Structure formats: structure tokens, C-alpha cells
Amino acid sequence: MSRRGSRPGKLVGRTLFYVLIAGVVLVILTPIYFLVAISFMSDREAYDWPLPLVPGFFTQFRLELSDPEEGLVLLSVYSNAQGKFVSIAESADLEYLESFTRRKTNCTLDQEYLQAQIEQVQQKMGQNQQLLEQGQQSVDELKGKMAKINAELVKTTRKLNLLTGAAGMEQMLKDTQAQLVQLKAQKEELDKQIAAVENQLAPLRSVEFRKPKNLLANYVTFFKVSADALMALFRSLQVALLTVLISLSIGGLAGYAFARYGFRGKNMLKISVLFVRMFPGIAIAMPMVVILAQMGFYDQPLGLSLVYSVGQIAMTIWITASIFLGIPVELEEAALVFGRSRAGAFFKITLPLALPGLAASAMYAFIGSWAETAQAIVLTQFNPTFPVVVYQTMVGAKGMINLVAAGGVAMALPAVLFTILIRKYILQMWGGVRV
Amino acid sequence: MIALQLEGLSKRYGTKVWGAKDVNLQVSEQEFIVFLGPSGCGKTTTLRMIAGLEEVTEGRILIHGKEVTDLPPRSRDISMVFQSYAVWPHMTVFENIAFPLKLKKLTKEQIADTVHAVSDMTNISPYLERYPRQLSGGQRQRVALARAIAVKPKLFLMDEPLSNLDAKLRVRMRTELKAIHHRTQATTVFVTHDQAEAMSMADRIVIMENGKIIQIGTPDQVYFDSANVFVAGFIGTPPTNFIPVDWRMENGTTRLLHPDFQFDAPDALARILQQNPPSGDGKILLGIRPESMKIVDNPAVLSTSTLVVEPQGSHQIVAFELQGQILKILAPPFPKVREGQTIHVDFEWNRVMLFDENSGLRLKEKEVKA
């Protein structure tokens with residue numbers, strides 16, 4: 001009986017659990033997805049509203065001759081979000097059109113191709129001259145009607161405004177309101193007619209074509225626009241790896257000492273290493289400029305990694321100390337008894353067992369210093385790190401979010417790679433050291 | 001030949017706490033020595049000092065006549081089995097056993113031969129390629145043992161190696177350990193808090209309390225000839241019964257006085273009391289092993305009614321109360337004793353031990369020099 005009674009409760013509980021998990025995953029993944037999606041979008045897509053969920057692989061163009069005499073070319077692009085063509089450029093200068101579309105849509109329309117399209121339109125227009133003229137005539141007529149209705153609309157609206165306050169004019173008010181509704185309907189009808197005729201005319205005086213989008217254009221542009229980006233990437237890598245090296249070697253040894261030896265003021269020291277992390281990095285960065293400049297490390301990767309290491313060492317000490325604590329002393333003592341020196345026991349027994357934890361702590365240090373921006377802005381000048389370059393792209397005169405997104409994804413990539421490389425050890429750490 | 005010699009070995013923690021104090025011991029070759037005592041008595045500290053895992057505050061350690069007091073563990077030619085086994089989790093069983101051998105400049109074949117020999121001896125040959133986490137507690141214990149045997153040490157140290165095993169396995173491993181000791185003939189120092197373990201395995205038992213050695217002797221010696229109240233109370237299940245009594249010399253006989261009974265002490269006891277009268281107010285303790293008290297048909301030393309009877313199958317434990325103190329008798333299984341029944345109790349006087357109540361020391365007949 002009791003089992004039967006508990007079953008629906010279990011089901012609800014489990015469902016709620018999965019909903020919660022799905023929610024958490026969604027919260028984590030949604031921003032990442034949008035960042036990646038935007039990094040593949042063209043400028044036009046990225047600023048379209050509502051934002052497309054998936055970046056397009058092709059772009060649908062429409063080319064018209066807005067003024068055949070002047071040779072003005074009107075380029076439109078189909079917007080999925082708005083469900084219609086949106087004009088993006090009007091010019092007689094084909095070179096300008098080419099470079100503009102490349103920037104705006106990440107598609108390449110070379111001048112010869114454009115010329116061919118223009119000729120095609122001219123040919124079409126020549127063939128359908130009569131139809132076009134008739135169509136234009138009816139459009140003009142409709143537009144004339146439209147102008148009248150618009151004038152009428154303005155008048156009626158004014159009348160209505162006058163009547164609303166007045167007394168004894170109820171009948172007239174009603175009539176006017178009815179008239180207004182009628183006029184609006186007429187206007188809509190006319191709009192539709194004009195659109196219909198223009199739609200009919202459109203294929204006669206324009207060409208539509210599809211062009212593949214260069215998906216990686218944003219990345220290429222990012223590294224081209226910020227000329228230093230590639231070097232900055234290397235510098236960031238250098239800083240991060242140096243930080244890992246410094247903080248793991250010093251912090252790891254300190255962590256081992258904390259875990260294995262008893263000494264006076266141990267707990268005080270444990271707490272005090274955390275104090276370093278309580279001061280905002282940016283506040284430390286200012287005096288650091290002076291110190292680093294004196295040491296000759298200002299604006300250099302080594303200098304940056306030294307500053308980062310200060311904070312990371314504290315973290316590393318705490319992580320590694322708990323890892324070493326998790327490895328029984330007896331394992332080391334057994335190694336001592338069975339013929340190893342202290343160093344031998346550490347390298348042959350403790351280190352292999354601590355590796356997962358050390359890898360995780362290396363990951364913290366790597367990510368922490370890899371993505372750090374605030375201190376890097378202060379501590380570098382001509383040799384910025386990658387996050388600084390991304391930041392500069394964002395706050396520049398023309399902050400294009402798709403370029404920033406591309407930079408962001410490029411920045412995330414090494415951290416993701418590093419994590420994937422040491423994933424085996426991190427997963428091991430999840431279960432603690434198994435002895 | 002003396003395999004191990006401890007001379008005034010002491011360990012001080014901080015400035016005041018003594019982990020071990022003035023430990024003196026000589027262990028001859030092939031001997032199986034057991035350090036026995038309650039937790040915190042200094043037995044493990046002493047063992048760790050012998051192993052070199054603990055710094056020595058005072059005193060000397062000699063292994064086979066060579067002083068090793070300040071040598072690192074690896075230079076002492078010892079091997080050790082730890083309470084938590086300390087089997088390296090990232091190595092297979094084979095690698096665990098072979099690891100200490102690799103430093104001994106042996107060829108690969110020699111190493112493999114040794115590993116197979118010791119794993120046969122400890123019955124772990126089928127598991128050589130497994131990792132410790134795939135083994136049960138008993139199997140890990142055997143791996144630790146095999147590893148320790150493989151190095152053929154001068155001295156074999158064991159730190160409560162059986163205490164993490166379940167009761168049944170512990171008894172079996174006890175027998176196996178002893179068999180292995182017979183085979184390897186390695187001098188062994190074994191630490192335990194389990195007196196049954198100590199009694200069943202030891203050639204000699206070293207009983208420690210508060211960092212000091214109280215008594216060194218064979219199992220029979222510490223059992224039947226305990227050095228003081230602590231040893232008598234610690235060894236044996238159930239422990240020795242202690243009855244505080246007064247005594248008086250009357251007309252040439254020595255009379256033992258207790259509120260519930262009075263008795264003329266046998267000659268042997270009387271002699272002891274005459275030779276070394278106890279200190280202070282002269283009260284003494286009669287130490288009587290449960291099996292040395294007999295339930296008899298006619299009134300003897302004392303008569304009382306039973307409190308509880310614990311049937312054990314092979315015997316029964318009869319408890320009774322004397323002046324607010326519970327005493328236990330180990331009686332044969334038949335005839336059955338009922339709770340609340342009136343019983344007559346007699347003592348086996350030649351097995352009774354006398355203790356000074358103040359100092360807790362044993363009162364013994366002085367040896368007559370021939």
C-alpha cells in the first residue's frame with residue numbers, strides 16, 4: 001500500500017529533478033550558444049531584430065536600378081526576421097557596393113558579377129518596357145488616390161478631435177467615427193493594391209540571386225582589424241602557462257608543506273595567504289606598474305604572470321594542500337621504509353596520486369590568468385594580451401558585436417582545449433583521490 | 001645473536017608529552033615480539049622510532065649490532081606492514097611487490113621470481129595484475145605482507161596489521177602470519193592492542209603503559225605471573241578479579257580479612273607477606289583469574305548468590321557481587337548455574353597473585369639463592 005502511495009510522489013520528484021537539470025543546462029548553454037551563433041553572423045544579421053537563432057549560410061540579394069538614368073543601383077537583402085527584402089545600399093559606384101556588402105553581409109559580390117546583374121536587369125526592363133510603363137502608370141494612379149485619402153483622413157481626424165468635447169453633436173460624432181473607419185479600410189485596401197502591382201513589377205525590373213556567406217569572415221576580420229590579435233593570443237598563452245608553472249611549483253610545494261608538516265603559526269599562515277585574494281586586482285595593479293617598471297618587467301608577459309601568480313598561488317596552496325591531505329601519509333612512509341628517499345617517495349608515490357588534483361588546480365590557474373582583463377589593461381601598453389584586444393574591439397568607435405563575439409570565441413578556445421586535454425584528471429578528481 | 005636492541009629509547013612531543021620513555025629491550029634473532037597495550041601507550045611510537053619514521057629524542061637503536069638511531073628508514077634494512085596496509089593504489093599488485101626490489105640491483109627475472117615466490121606464500125598469485133582497489137581488505141593485507149616479505153629484511157615491523165580486518169578473517173590471518181613467520185624465520189616486532197592476538201602469536205610480549213614498558217615475558221609469564229595490577233587486569237578475558245583485603249598475623253597464622261569472609265592464608269602467601277610487607281596502610285589486593293575460582297558443593301572461602309550467568313558453550317561465566325564489586329568465575333559448562341542461585345566459591349590458592357594496593361605492584365616471594 002505504502003509503495004503504491006509513494007510512486008506518484010517519486011515520479012513528480014524525478015520529473016522536477018530533470019526539469020531543474022535541464023534548466024541549469026539551459027542557463028549555462030544559452031549565453032554560450034548565442035555568443036557562438038553571433039560570432040558566425042554578418043553585421044546585418046547580428047543587428048536584425050528579432051535576432052535570428054541560427055546564422056544563415058546564404059544571403060538572398062535583390063538588385064534594382066532605382067534610377068536608370070543616373071545608374072543608381074539599389075541592393076536589398078532578404079531578412080528572415082522581417083519576412084521581406086530590406087534595402088542596404090544605393091549607389092552608382094560598384095567598388096563601393098562590393099566593399100560595403102562584404103562588410104555588411106560577409107558575402108562577396110565582385111564588380112564583374114554586379115555589372116552582369118545590372119545588364120540583366122537592363123535587358124529585362126527593355127523587354128518589358130510596355131508592361132513596366134503600364135504598371136508604373138497604375139501605381140501612380142493608385143498613389144494619387146492614396147494622397148486624396150490621406151488628406152481626407154487628416155481632415156476627418158481633425159473634425160473628430162473638435163467634436164469629441166462638444167455637446168449635442170452625438171449623431172455627428174458617430175457619423176464621423178464611421179467615416180474614419182471606412183477611410184482607414186480604404187487606405188489599407190489601396191496599400192495592398194499598390195504592393196500587389198509592385199510585386200508584379202518587381203521581377204520585371206530586378207534580379208534576385210543567392211550568395212554563400214563566408215562563415216569565418218568575422219574571425220578573419222577580427223584578426224585583421226586588430227592587427228595585434230594573433231601576437232596577443234600567443235602572449236596570453238605565454239602568460240597563462242607561465243602563471244601555471246609559477247603558481248603550481250611554488251603553491252604546490254607550499255600546499256605539501258601545509259599538508260604534511262606541523263610548524264608554528266601554520267593556521268595563521270594558511271589564512272593570511274588568502275588575504276592576497278581579498279584585494280581587488282585592479283587596485284594592486286596600479287602600484288604594480290611602478291614595481292614592474294623598476295624590475296624591467298612592465299609590459300611583458302613575465303611581469304603579468306608574476307602579478308597573476310600572487311593571487312593564484314593562494315588558490316593553489318589551498319587546493320593542493322587538501323589534495324595532499326587526501327593521500328595517506330602511510331603511502332609515503334611505506335616508500336621510505338622500502339628504500340626511497342623523501343624526494344623519491346614524493347615523486348614516485350605522492351605526485352602520481354596527486355596528479356588529478358594538481359591538473360585541476362593548473363586549470364584554475366590557467367583560466368584565471370588567461371581571461372584576466374582588468375589588470376592586463378593597466379599592466380600592458382604596446383604588448384596587450386588577448387582579452388585586452390577583445391576589450392578594445394568592443395569599446396572601439398565601431399563596436400561590432402559580431403566581431404567581439406568572434407574574439408570571445410577565439411579567446412574561449414584555448415581554455416576549452418586545455419580543459420579537454422586534462423579532462424581525464426579532472427574527472428578523476430571529482431571522485432577524490434581513490435586509495 | 002641480538003637482532004634488535006633498544007637502549008633508553010624516549011620520544012617527547014613538544015616540551016612535556018612523552019610518547020615513549022626509557023624503553024629498553026633486546027630482541028634475539030628469529031624472535032616474534034609483540035608490543036601490547038591500550039591505545040596511546042606508546043607502542044606504535046616505539047615501533048615508528050625503530051622504523052625511522054619518528055625522530056628519537058633520547059636513546060639508541062641497534063639493529064644487528066649496528067647503530068641506526070639517526071639513519072633514514074631506507075638504510076635500516078627493515079620492512080614494515082602498516083595498519084592501513086599502505087598498498088600503493090596506482091600500482092598493480094605485482095608492481096607493489098616489485099617496487100622495493102627494483103632498488104636492490106636485481107635482474108628482471110630475479111624480481112619476477114621473488115614476486116611469484118612471496119605471492120605464492122601469501123596466496124595472492126591470481127591477483128598480480130590487479131589494482132589494490134579491485135581487492136578486498138584481506139587481500140590488500142596479503143599484498144602488504146608479500147611486499148614486506150619480498151625484501152628479506154633483517155627486521156620485520158608490523159603496526160596493528162590485523163585491526164582493520166573483520167573478526168573472522170583476523171583469526172585466520174593470525175594463524176597464517178604465524179605460519180609465515182615459521183617459514184621465513186624473520187625477526188618480527190608486532191604491535192597490537194588485542195591481547196588475544198598477542199597471546200596467540202608472541203614468543204615474548206612487551207606490555208606498555210603510558211610510554212613505559214611494564215613487563216616483558218612469554219605469554220604464560222605475563223598471564224600467570226603478571227608484574228602489576230595493570231598487566232593482570234589487561235591480560236585475560238574476562239580479566240583478573242581483584243579483591244581488596246586486610247591481613248593480620250594471629251598466633252603464627254596469617255589471616256586475610258574481608259567484610260564478607262575471613263580466611264587463613266596458605267603458607268606461600270603468608271611467606272610473601274612476611275618478606276615484603278605492603279606499603280602504606282598495608283592493604284593488599286588478591287588477584288584471582290576467573291578460572292582459578294571454583295564453584296564447590298560445600299562452603300569454602302566464601303558463599304554468595306549469583307548475579308548473572310553468561311553461557312559461552314564451552315564454558316559459562318558466572319558473575320557475582322562482592323562489596324559493590326562484580327567478580328567473574330569461569331566455570332565448566334556443566335552443571336548449569338542459575339541466576340540468583342547460592343554458590344560456594346573456593347580459590348586455587350597457588351594461582352592467587354598478591355598486589356600492593358597502593359603501588360599496584362606485585363608482591364612476590366624473594367628468590368632463594370642456592
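How many residues of chain B are in contact with how many residues of chain A?

**View 1. The contact between chain B and chain A in the predicted model.** In this predicted model, 18 residues of chain B are in contact with 16 residues of chain A. The elements that give two or more residues to the side of chain B that touches chain A are strand β6 (78-81) and helix α2 (93-102) of chain B, and of the elements on this side β6(B) gives the most, with 3 residues. By residue type, the side of chain B that touches chain A divides into 13 nonpolar, 3 polar and 2 charged residues.

**View 2. The two domains of chain B.** Chain B is divided into domain 1, covering residues 2-234, and domain 2, covering residues 241-363, and the C-alpha centres of these two domains of chain B lie 39 Å apart. Where they touch, 6 residues of domain 1 of chain B are in contact with 8 residues of domain 2 of chain B, and the domain 1 side of this contact consists of 4 nonpolar and 2 polar residues, with no charged ones.

**View 3. B:M249 in strand β11 of chain B.** B:M249 is found in strand β11 (residues 241-250) of chain B, and B:M249 counts as exposed because 12 other C-beta atoms lie within 10 Å, the cut-off for exposed being 12 or fewer. The C-alpha atoms of B:M249 and B:V17, which are 232 residues apart along the chain, are separated by 45 Å.

**View 4. Confidence along chain A.** The mean pLDDT of chain A is 87, with 96% of its residues reaching 70 or more. Confidence in chain A is lowest in helix α17 (residues 423-430), at a mean of 71, and highest in helix α12 (residues 329-337), at 93.

Key:
Residues are numbered from 1 along each chain as its sequence is written. Chains are lettered from A and ligands numbered from 1 in the order in which they are written. This is a predicted model: local features need pLDDT of at least 70, side-chain atom pairs count only at pLDDT 80 or more; totals for chains, interfaces and linings use all residues. Domain bounds come from an automatic or database domain assignment. Two residues are in contact if their C-beta atoms, placed from the backbone, lie within 7 Å. Ala, Val, Leu, Ile, Met, Phe, Trp, Tyr, Cys and Pro count as nonpolar, Asp, Glu, Lys and Arg as charged, and the others, Gly among them, as polar. Helices (H or I, at least four residues) and strands (E, at least two) are DSSP runs, numbered from the N terminus. A residue is buried if 20 or more other C-beta atoms lie within 10 Å of its own, exposed if 12 or fewer, and partly exposed in between; C-beta atoms are placed from the backbone. pLDDT is the predictor's confidence in each residue, from 0 to 100.
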